[in-house]
Amino acid sequence: MDPIMGESKKRVCYFFDSDIGNYHYGPGHPMKPTRIRMCHSLVMNYGLYKKMEIFRAKPATKREMTQFHTDEYVDFLNRINPDNAHQFGKEQVKYNVGDDCPVFDGLFEYCSISAGGSMGQFLRCSREGAARLSRDKCDIAVNWAGGLHHAKKAEASGFCYVNDIVLGILELLRYHQRVLYIDIDVHHGDGVEEAFYTTDRVMSVSFHKYGEFFPGTGEGRARGESDVLFSYAVNVPLRDGIKDEAYKSVFEPTMRHIIEWYRPGAIVLQCGADSLSGDFLGSFNLSMRGHAACVSFIRSFNLPLLMLGGGGYTVKSVARTWAYETGIAAGVELQGTIPNNEYYEYYGPDYELNVRPSNMTDHNTPEYLDKIRESVVELLKTKTAAPSVQMHHVPKLAHDDEDDAEMEDEEDKDNRKPMRLWDKAKVHETSLSDSEDEGTGGRKHRQSHKTFGKASVADPHPVDKL
Ligand SMILES: [Zn+2]
């Protein structure tokens, strides 16, 4: 564990609840919550506990979840379990629960832990430490159980049920005029983009694979006239096989430009690890250090930073990378071989703290990446830099818009396609995966954004009431 030269010292709050590893999506499902506990075991055995404060977050309550999600959806998640699921046939279709997002024992508690870690630190800030973050008592908060970016207001999607990121950002908006959301998961951060699509107080920037890939959105072009005016969403669509240097060549200049232009008060970084080389579902070719370079770069702006997990389906790579990135947050570089820990045998045969790139073809040409960088600069020219807002207000709490609920009812629930099916198509095309598990079903992904903009920022309550 070596200090990183030239790095400013940060106070890091790390959130972990060992119960997270007790939940199982079901046999063969690629999402494995154990990866969080594997990462934690590395974090502890590398001695990182000496470099940061470790908290067990208060699990999010139903009421806290309804700051974004509808009451009826949260109630459904709270009530359903494998034994009574047969009584909820209609609701399962309505809320997209049952296939990619299965019903499993402890589903609601799992969602509570994930969401609690992302919003809890800031609740602690306001309630216990009287704004721990705002009063400069914590510079970086880390919650690897969070980052579940596909969940919608009243719908599960892509292994995500409760959108802890949206809840965490809503919490940050109480203290900060503008929050920047950055997503380096291999999939488009559609749930977060959609939630804040109509506000200039949150800017979302997602780097992801685009083209015949879940969730099918995030093309990089504005979706219509109104997008040009209102949306602070930037998408960077990438192709298969992107490597460290190419990723860096688009990530760093783009993010530097956006941060200087938007001037956020806080940053949320979703560190989805399915963008790593060899991921079971992803098709990028980033090494552990290439992925972590994004964390170092964003950290260097010295803004309050919330680091979250996300996708990541080759668990030994996920655990390695998030442990290494926890070190980056704390200002140290973890080195060498894997220390002895309860999951030691997973890291064979080399037992090194590393995820290496493969020799797969990079389909992102320098010309293509140039075009992407230019298009982001052009898009920002159509918008106001660092838009200012009145800070007398904060997002409203529990809400439920009946009109929105009706609109959702009208949508075609059968017009969706599960995540694993999309990835099956990818596997056939590129032969990248040592696939052990592919989903079934024939629903197309629903690309509607009818439900956008209900992220509670439109109808705020005075901050001093909270
Ligand atoms: Zn993903």
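Author: Before anything else, a word on names: helices and strands here are DSSP runs, a helix having at least four residues and a strand at least two, and they are numbered from the N terminus. The model itself is predicted.

Reader: Then where does D185 lie?

Author: D185 is in the loop that joins β5 (179-183) to α7 (190-195). H187 belongs to the loop between β5 and α7 as well.

Reader: Which residues does UniProt list for "binding site"?

Author: The unreviewed UniProt entry gives D185, H187 and D274. These positions are spread over 90 residues of sequence, yet they cluster in space, with 8.1 Å as the largest C-alpha distance.

Reader: How do I read burial, and is D185 buried or exposed?

Author: Count the other C-beta atoms within 10 Å of the residue's own; 20 or more makes it buried. D185 has 26 such neighbours, so it counts as buried. H187 has 30 and is therefore buried too.

Reader: Which residues is D185 in contact with, leaving aside its neighbours within four places in sequence?

Author: They are H149, H208, Q270, G272, D274, S275, G310 and G311.

Reader: Where does UniProt place "active site"?

Author: The unreviewed entry places that feature at H150. The residue sits in the loop between β4 (140-143) and α6 (164-172). With 29 other C-beta atoms within 10 Å, H150 is buried. Beyond its neighbours within four places in sequence, its contacts are S157, G158, C160, D190, G191 and P215.

Reader: Now the strands. Which way do β5 and β8 pair?

Author: To read a pairing, look for the bridges between two strands and the sense in which they run. β5 and β8 pair in the parallel sense, over five bridges.

Reader: Why is β8 described as largely enclosed by the rest of the structure?

Author: Because five of the five residues of β8 (residues 266-270) are buried. Both faces are covered, with A266, V268 and Q270 buried on one side and I267 and L269 on the other.

Reader: How should I read burial on a helix?

Author: An α-helix has 3.6 residues a turn, so residues three or four places apart point the same way. In α3 (residues 71-79), the buried residues are Y73, V74, F76 and L77. Seen down the axis of α3, they fall within an arc of 155°, so they line one face of the helix.

Reader: How many residues of α11 are buried?

Author: 15 of the 16, so α11 is largely enclosed by the rest of the structure. This helix (residues 315-330) reaches 22 Å from its first C-alpha to its last, close to the 22 Å expected at 1.5 Å a residue.

Reader: What comes just after α11?

Author: G331, which takes a positive phi of about 85°.

Conventions
Residues are numbered from 1 along each chain as its sequence is written. This is a predicted model: local features need pLDDT of at least 70, side-chain atom pairs count only at pLDDT 80 or more; totals for chains, interfaces and linings use all residues. UniProt positions are given in the numbering used here, feature names are shortened, and annotations may be inferred rather than shown by experiment. A residue is buried if 20 or more other C-beta atoms lie within 10 Å of its own, exposed if 12 or fewer, and partly exposed in between; C-beta atoms are placed from the backbone. Two residues are in contact if their C-beta atoms, placed from the backbone, lie within 7 Å. Two strands pair if DSSP finds at least two bridges between them. The expected span of a helix is 1.5 Å times one less than its number of residues. The arc is that of the directions from the helix axis to the C-beta atoms.
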